[in-house]
Amino acid sequence: MAHFEATTSAAPDRTTVALRGECDLAARDELTDVLTAAVRSAQVVVVDVGGLTFLDSTGLHSLVTAHHAARAEGGRLYVVNAVGAVATVLDITGVGNLLHPPADDPRAPR
């Protein structure tokens, strides 16, 4: 079974969710629960994927679903620190562009 870990930390202006390991079907429920809770608790959610070694379509689905939930509440969800195969998946699918922090958003991570 693949290893997956999601760690959440809160700051006054945002919640950060750090992901590690392999994000696949086995991690779907945990990822969805963590992202849903983060979106409910903060207007800005930063998902740090720098520790992921694998990301499949179920992980992408959870990220996009959380993004839509954040937007519906007037918030934002950003993905940062993508590298390697995870960055490639995000780029190929367009999810990387969707969730990239824009330079003109004052709430975006710096």
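1. Val39 touches Val45, Ala66, Ala69, Ala70 and Leu77, leaving out residues up to four places away in sequence; contact here means heavy atoms within 4.5 Å. Val39 is placed in helix α1, helices being DSSP runs of H or I with at least four residues and strands runs of E with at least two, numbered from the N terminus. With a relative accessible area of 10%, Val39 is buried; buried means under 20% relative accessible area, exposed over 50% and partly exposed in between, with a 1.4 Å probe and protein chains only. The C-alpha atoms of Val39 and Leu98 are separated by 16 Å, and the two residues are 59 apart along the chain.

2. The model is predicted: local features need pLDDT of at least 70, side-chain atom pairs count only at pLDDT 80 or more, and totals for chains, interfaces and linings use all residues. Residues are numbered from 1 along each chain as its sequence is written, and side-chain values use heavy atoms, with hydrogens and water left out.

3. Helix α1 (residues 28–41) and helix α2 (residues 57–72) have axes that come within 10 Å and cross at roughly 15°. This angle makes α1 roughly parallel to α2, a term for angles under 35 degrees. The axes are lines fitted to C-alpha atoms, for helices over the stretch in contact, with angles from 0 to 180 degrees between N-to-C directions.

4. On the α1 side, the contact is made by Arg28, Leu31, Thr32, Leu35 and Val39; on the α2 side, by Thr58, Gly59, Ser62, Leu63, Ala66, Ala69 and Ala70. These residues divide into seven nonpolar, four polar and one charged.

5. Thr58, in helix α2, counts as buried at 17% relative accessibility. Beyond residues up to four places away in sequence, Thr58 touches Asp24, Leu25 and Arg28. Thr58 and Ala27 are 31 residues apart in sequence, with 8.5 Å between their C-alpha atoms.

6. The largest nonpolar core has 26 residues, of which Leu19, Val47, Leu77 and Leu90 touch the most other members. Such a core is a set of buried Ala, Val, Leu, Ile, Met, Phe, Trp, Tyr and Cys residues joined through side-chain atoms within 4.5 Å. Setting aside neighbours within four places in sequence, Val47 is in contact with Val17, Leu19, Leu35, Leu63, Leu77, Tyr78, Val79 and Val80.

7. Asn81 lies in the loop between β4 and α3. Although not a glycine, Asn81 has a positive phi of about 65°. Asn81 counts as partly exposed, at 46% relative accessibility.

Methods
Parallel < 35°, antiparallel > 145°, perpendicular 65-115°, else oblique. Nonpolar A, V, L, I, M, F, W, Y, C, P; charged D, E, K, R; others polar.
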